[in-house]
Amino acid sequence: MDKHYTPYQIPKKNGKPRTIMIPSLHLKTLQKRINREIFSHVKYPDYLYGGVEGKDYVRNAEMHAKAHVLVSLDVKDFYPSISADRVTGIYQYLLKFNPGVAELLARLTTYKGAVPQGACTSSHLANLILHDVEYHVAQYCKNAGLVYTRLLDDICVSSEAALSEKKISRIIEMISRMLRDKGLKLKHQKTRISSKSNPKELMEVTGLWVNRGMPRVNSTERRSIRVEVHRCRQLAAGRRTDLAYHKAHGSVSGKVAMLNYLRHSEAGRLRRSLGAILPEYDQAEMTKTVKIVEMLSRTSPKDREKYSFNVSFFKTLQRLNVVARTDPKLAVRLRKKLASCRPTKHSSATLYDEPI
């Protein structure tokens, strides 16, 4: 299966590259079927927040919003350290597949003997790797009046009351022992112990500041977002049709949406600022859009059942939103034409039914 992956690098917050593995369309199709038929039926514990429907990094941070003391831990090389043998064990002993099926499923969801970062099945496997040891740690924390959460490789334990150094050391050792049991270990240089009694060191949970009783983006990052919005305004004064401008606007729009999600007061002003300088298409892109709609309108009903058509259709709808900014009448005409060739199946169904 290794030949079905393509490496792709994305920058981390510190600027260093992170390599993720992108599966081929055929392998991705199989992995999505595994998610749909297997992992969607798993009931995950309340303390897990990564890749779980209805939960995210904000909900994770909210669990620690009342913290007086926060212990933040990071698992070292998390995904590469989850071996294919342990993945086979998850399928066989937890999910109750026979050994042959478990081994096949492991081959479909691992890369070079480990869990790949980038596959849609990986977050589920990351959640389940500690399934038979994590509950005991979480229960200990609950009995002790502590809050325990894990978002993939980020583990947080918090207390509304002060904790002694001895107690904190015991918690860290307990978690370290739990990880060692599964061939994992802590990244000690990223272990952080913070407290409201020391306001100079912010309490952060998965990148969000919780010192004031609710998850917030720290002031340095908010300042950086404001600078990006200002740069976008400067770029807009040149050509809003440049693809580089489209990319810059999309990037900062996502960050402003995050501020809005976290109810930051400045989010509304920044959204209005970006709304006044939306990207546009030049004549070449407008012509390209017309040709794409013409091509899609000529597809047969059978082709409209395919996953690839579904993707193209909805991408084209997004393009028409941009077209409407400069030529609303053309956008209306193209939408009517596109409506005559809508996909005949929902995207999830087309992916599920796509032949391998």
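Predicted model: local features only at pLDDT ≥ 70, side-chain atom pairs only at ≥ 80, totals over all residues.
Residues are numbered from 1 along each chain as its sequence is written, and side-chain values use heavy atoms, with hydrogens and water left out.

Helix α4 covers residues 84-94 and helix α5 covers residues 99-108; they pack at about 130°, and their axes are 8 Å apart. Helices here are DSSP runs (H or I, at least four residues), strands are too (E, at least two), and both are numbered from the N terminus. The axes are lines fitted to C-alpha atoms, for helices over the stretch in contact, with angles running from 0 to 180 degrees between N-to-C directions.

The crossing of α4 over α5 is right-handed; that is the clockwise case, while left-handed has the near helix turned anticlockwise from the far one by less than a right angle. Who touches whom? From α4 we have Ala84, Val87, Thr88, Tyr91 and Gln92, meeting Pro99, Ala102, Glu103, Leu105 and Ala106 from α5, with contact meaning heavy atoms within 4.5 Å. That contact splits into 7 nonpolar, 2 polar and 1 charged (Ala, Val, Leu, Ile, Met, Phe, Trp, Tyr, Cys and Pro count as nonpolar, Asp, Glu, Lys and Arg as charged, and the others, Gly among them, as polar).

While we're here, look at lysine 96, in the loop between α4 and α5. Its phi is positive, about 70°, although lysine 96 is not a glycine. Aspartate 77 also has a positive phi, about 45°, without being a glycine, and it sits in the loop between β3 (69-74) and α3 (78-81). For background, most residues other than glycine have a negative phi.

Next pair: helix α9 (residues 219-236) and helix α11 (residues 267-275) pack at about 20°, axes 10 Å apart. So α9 is roughly parallel to α11. The crossing is left-handed this time. On the α9 side the contact uses Ile225, Arg226, Val229, Cys232 and Arg233, and on the α11 side Arg269, Leu270, Ser273 and Leu274. By class, that's 5 nonpolar, 1 polar and 3 charged.

Now for the spaces. On a 1 Å grid over the protein atoms alone, a cavity is a set of points where a 1.4 Å probe fits but cannot get out, a pocket is an open set with protein on both sides within 12 Å along at least five of seven lines, and lining residues have an atom within 4 Å of a point. The second largest pocket has a volume of about 310 Å³, volume being the space filled by probe spheres set on the points, which are joined across faces, edges and corners. Its lining has 14 residues, with Asp46, Tyr47, Ala138, Lys142 and Tyr148 nearest the centre. Which element gives the most to that lining? It's α7, with 5 residues.

Last stop: the largest cavity, at about 40 Å³. Val58, Glu62, Met214, Pro215, Tyr261, Leu262 and Arg263 line it.

Key:
Parallel < 35°, antiparallel > 145°, perpendicular 65-115°, else oblique.
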